[in-house]
Amino acid sequence: MSRTFSTDPELTHRLSRRGMLGVAAGATAAALLGAAATPATAATDAAAATDAAGRGRPVLPPGRLGIQLYSLRDKVSTLGFAAVFAELEKYGYDEVEFAGYTQGSAGPITLAQLKRLARSHGLNPIGSHVGYYSSDPNAYTFAQNLTKVLDDAQALGLKHIGTASGPFRYGSTVDAWKRAAEEFNTYGAAARARGMKFYQHNHSEEFSFATDNPKVRLYDVLLAETDPDLVFLEMDIFWAYSGQFRFSKRPDGTPAPFDPLDYVLKRPHRYPLFHVKDGVSDPANTYGYRMVDVGDGDIDYQRFISGVTRLRGERLAHHWQAEHDNPAESFTFARRSSEHLHSLREKC
């Protein structure tokens, strides 16, 4: 499908993922490895310097830094997975989350080859985003081709398989979301039978209110109506804070404040995955933030990540995936995000 970017970043992000198997369509060819490729020692040196300063243990748990490959779709489509994985290895990444399994002009690749290639660069394929539903009966979505989606995830050795589509298939009423939740439970049961976890990735609109009951937040319906043993969540932290900005008041103007971190602290087992995405506060923006590289924004990741990992038994229970929907230079984004996240230390 076409990847023409509109001025609405959330809509573009949501629609460009839906039903996606390839990542090459419409990607802008970017500069080759030259300027973006830097030695891999930056993140290690930053961490060592911070340790020497005696500021506490790293906020980021060992072996748990990943990246959503959607952020690098331009490089995957022009250079191929091998070149991208080699860069990610240099930048200190441990995991990758897929947004499609093809690589455009770099030539065809099988799932078995893709799995081996990732592992050869020390990268653990941790999850993948697939569309929820489509009007096309042959579409690569959970609703239309569940068995094929799970077959591919299993071939890659994934432990998580999910969707970045919101549960809006039947509308924005409480009953509509209950109906979507039933389908998510079905996908979750099928995934669990294969040894995987099904998950849903949020945008800001999930935190809006039901059109038939404006006292009810739709995200709360999703949590209540999905089986906690079958359906998991990947909180996109940027979009959750955008939801906080947009939906801290009900349609009638009465206060309805929430803290995205509180959702996780109350039920940490439901959040195996996170998207670490940053933004500069901008009240004039519809979404409350302008998306920037991780470390350049106002989201307090020292507070958020340490708040989760300090919970008893939770330090290694979660996976943190850096992401930027449309970075200015994707390798630079990946490198700088790793450096920043590795540099964070818990407060003593």
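Trainee: What makes Phe207 count as buried?

Mentor: Its relative accessible area in this predicted model is 0%. The cut-off for buried is under 20%, so Phe207 is buried.

Trainee: And how do you know that Phe258 is buried?

Mentor: Run the check again: Phe258 has a relative accessible area of 11%. That is under 20%, so Phe258 gets the label buried.

Trainee: Okay, on to rings. How many aromatic pairs does the structure hold?

Mentor: There are 25 of them, and Phe207 with Phe258 is one of the ring pairs.

Trainee: Why is the pair of Phe207 and Phe258 called stacked?

Mentor: Two steps. The ring centres are 5.2 Å apart, and rings pair if their centres lie within 6.5 Å. Then the planes sit at 10°; under 30 degrees counts as stacked, so that's the name.

Trainee: What makes you say this pair ties parts of the chain together?

Mentor: Look at where the two residues lie. Phe207 is in the loop between strand 5 (197–201) and strand 6 (209–210), while Phe258 is in the loop between helix 10 (237–246) and helix 11 (260–266). Those parts are 51 residues apart in sequence, so the pair ties them together.

Trainee: Then why is the pair of Tyr219 and Tyr263 called edge-to-face?

Mentor: Here the centres are also 5.2 Å apart, but the planes are at 90°. Tyr219 lies in helix 9 (residues 218–225) and Tyr263 in helix 11, so parts 44 residues apart in sequence are tied together. Both tyrosines are buried.

Trainee: How do you know that the charge of Arg179 sits over a ring?

Mentor: The charged end of Arg179 is 3.7 Å from the centre of the Tyr170 ring, and the distance limit is within 6 Å. There's an angle limit too, within 35 degrees of the ring normal, and Arg179 is listed as sitting over the ring.

Trainee: What makes the link between His129 and Glu97 a polar contact?

Mentor: Their side chains are joined at 3.1 Å, and the limit for the pair of N or O atoms is within 3.5 Å. His129 itself is buried, at 2% relative accessibility.

Trainee: Last one: why is helix 10 called largely enclosed?

Mentor: Count the buried residues: 7 of its 10 are buried, so the rest of the structure largely encloses helix 10. Among them are Phe238, Trp239 and Tyr241.

Conventions: Residues are numbered from 1 along each chain as its sequence is written. This is a predicted model: local features need pLDDT of at least 70, side-chain atom pairs count only at pLDDT 80 or more; totals for chains, interfaces and linings use all residues. Side-chain values use heavy atoms; hydrogens and water are left out. Rings of Phe, Tyr and Trp (its six-membered ring) pair if their centres lie within 6.5 Å; planes under 30 degrees apart count as stacked, over 60 as edge-to-face and the rest as tilted. Helices (H or I, at least four residues) and strands (E, at least two) are DSSP runs, numbered from the N terminus. Buried means under 20% relative accessible area, exposed over 50%, partly exposed in between (1.4 Å probe, protein chains only). A polar contact is a pair of N or O atoms within 3.5 Å; within protein, one must be able to donate a hydrogen and the other to accept it, and residues adjacent in sequence count only if both atoms are side-chain atoms.
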